[in-house]
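The questions below are put to the structure that follows, and each answer works towards the value or name asked for.

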There are 2 protein chains.
Amino acid sequence: MTKVTANDARASSDDAVRDLVIATADSLYNLRGIQSVGMDALRDESGVSLKRLYKLFPSKEVIVEEVLRSRHERWMSSVSAAVAEASGPRQQLLAIFDFLSAWFGENDFRGCGFINSFGELGGTVESLAGIVRDHKADFQAYVARLVEQAGGPAWLGPQLAILAEGAQTTAAIAGTSQAADDARRAAEILMDAAGITE
Amino acid sequence: MTKVTANDARASSDDAVRDLVIATADSLYNLRGIQSVGMDALRDESGVSLKRLYKLFPSKEVIVEEVLRSRHERWMSSVSAAVAEASGPRQQLLAIFDFLSAWFGENDFRGCGFINSFGELGGTVESLAGIVRDHKADFQAYVARLVEQAGGPAWLGPQLAILAEGAQTTAAIAGTSQAADDARRAAEILMDAAGITE
DNA sequence: CATACCGGAGAACGAACGTTCTCCAGACTT
DNA sequence: AAGTCTGGAGAACGTTCGTTCTCCGGTATG
């Protein structure tokens, strides 16, 4: 039985603190990578004591997992919101690359957090590798669904997904958003060939 | 003045040991990532004592840099060898994706070591980020040169390079070599549109 | 043969970090 | 008002890891 009291009010509810911790960790992990952000840094930045951190989460690994899960939801929501604003199948698929372009241009863009996490921990922490795989699989399935709705052939979805992946790594490493435009032009050519014209 | 004596013979020449260390480190870093392979593991696997490791290299960071440099040379050589076997501009460009397909199928394939290193250390070790950037820039320039020799338009090179990057991350995360075939088919369509027919 | 040197095995050191513990102040319950 | 619980500040613990040091056997040089 959970009791809500003035004590909770002083320290904020557990759920709110959890969200704050995940948001802070998300930002720090994105900025500096996972391994180089210690629990002390997370405490300093979030203002949540170590004791409470370990009451809310059993380990750092679980925090990382929840950060990746929240990133997945936020990222997929952002993409589908951008897609929803476009009209017509072709414009909707192109909206993915416009979204990427805008994302790459943000000044805290440090590459796809999932790709980075995979490079950082994919070889040693199997649970994280699974989350990364699921994220990419979800994105590929989403693109495939859009292609299907557009009446395009089955081979187009994987191709567009690969373009999006390549744009992400290229933009992250080169430090420019140019790759998004290159990928967008390639997507137009592929859609032309697939007969998606409107 | 370097003296070659029986003492050196017992312990092997410094250059040979350096090469052995780099090769061993290359394999271990590829398998388990950089951070999780300590100097003790490198000593155990290479048979070179810590004392000698630190006589040959000033620090682990320098070893990592040399591993990446040697990977770059080996990778670029492998790609150009595969390209050289093909005849005609179109087949040469497609040979890149055939090379990727074969690479992804190797059982010790764990993704592009440069992308992984970037995710692992790009945010904290600037010298490594530079090496990764240079590697990707070299590859992009190589593709652009092939496109130019084929008489293709300037926009095609970046597009093919993005496909190759996307195939690498997709194959690494998904654990299949399917992405290479998808990327190859996309490359054919893009070359068709660019007028590279033979 | 004596001595200086090279290198191996492995201990040792210092820092970083994940996790837990101690001490204590404030707030709710009875 | 006494007792109990929560949570903060920060010390402490154990481990990992990069790097250096100690000890010692063997080799080459006088």
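Q: Is Cys112(A) buried or exposed, and what is its relative accessible area?
A: The model is a predicted one, and its accessibilities are computed from it. A residue counts as buried when its relative accessible area is under 20% and as exposed when that area is over 50%. Cys112(A) falls on the covered side of this scale, being buried with a relative accessible area of 4%.

Q: What kind of axis relates the two copies, chain A and chain B?
A: Chain A can be laid on chain B with an RMSD of 0.1 Å by a turn of 180°, and the shift along the axis is 0.0 Å. The two copies are therefore related as by a two-fold rotation axis.

Q: What percentage of the contact residues of chain A recur in chain B?
A: Chain A is superposed on chain B by a turn of 180° with an RMSD of 0.1 Å. The same surface serves both copies, and the share of contact residues of chain A that recur in chain B is 100%.

Q: How many helices does chain A have?
A: From the N terminus on, the elements of chain A run α-α-α-α-α-α-α-α-α-α. The C-alpha trace of this chain spans about 60 × 35 × 30 Å along its principal axes, and buried residues make up 51% of its 198 residues. With zero strands, the number of helices in chain A is 10.

Q: Which helix gives the most residues to the lining of the largest cavity?
A: There are four cavities of 30 Å³ or more, and the largest cavity holds about 80 Å³ of space. Its lining includes Tyr29(A), Asn30(A), Asn116(A) and Ser117(A), as well as Gly119(B). Helix H2 (14–32) and helix H7 (113–121) of chain A each supply at least two residues of this lining, and the helix that gives the most, with four residues, is H7(A).

Q: How many charged residues are in the lining of the largest cavity?
A: The lining of the largest cavity includes Arg71(A), Arg110(A) and Glu120(A), and Arg and Glu count as charged, whereas Gly is classed as polar. By class, the lining has two nonpolar residues and seven polar ones, while the number of charged residues is three.

Q: How many of the nine residues of H7(B) are buried?
A: Helix H7 of chain B, residues 113–121, is mostly covered. Among its buried residues are Phe114(B), Ile115(B), Phe118(B) and Leu121(B), together with Asn116(B) and Glu120(B). The buried residues pack against H7 and helix H9 (156–174) of chain A, and against helices H5 (60–85), H8 (126–149) and H9 (156–174) of chain B. The number of buried residues in H7(B) is nine.

Q: What is the C-alpha to C-alpha distance between His72(B) and Phe114(B)?
A: His72(B) lies in helix H5 of chain B and is buried, with a relative accessible area of 17%. Leaving out residues up to four places away in sequence, His72(B) touches His135(B) and Asp138(B) as well as Phe114(B). Although His72(B) and Phe114(B) are 42 residues apart in sequence, their C-alpha atoms are separated by 8.8 Å.

Q: Is Asp26(B) buried or exposed, and what is its relative accessible area?
A: Asp26(B) has its place in helix H2 (residues 14–32) of chain B. Neighbours within four places in sequence aside, Asp26(B) is in contact with Val67(B), Ser70(B), Arg71(B) and Arg74(B). Asp26(B) counts as buried because its relative accessible area is 9%.

Q: What is the relative accessibility of Tyr54(B)?
A: Tyr54(B) is found in helix H4 (residues 50–56) of chain B, and, not counting residues up to four places away in sequence, it touches Met39(B) and Ser59(B). Tyr54(B) counts as partly exposed because its relative accessibility is 42%.

Terms used
Residues numbered from 1 in each chain as written. Chains lettered and ligands numbered in written order. Predicted model: local features only at pLDDT ≥ 70, side-chain atom pairs only at ≥ 80, totals over all residues. Heavy atoms only, no water. Least-squares fit on C-alpha atoms with pLDDT ≥ 70 in both. Contact = heavy atoms within 4.5 Å. Buried < 20%, exposed > 50% of the residue type's maximum accessible area, 1.4 Å probe, protein only. 1 Å grid on protein atoms, 1.4 Å probe; cavity = no way out; pocket = protein on both sides within 12 Å on 5 of 7 lines; lining within 4 Å. Points joined across faces, edges and corners; volume = space filled by probe spheres on them.
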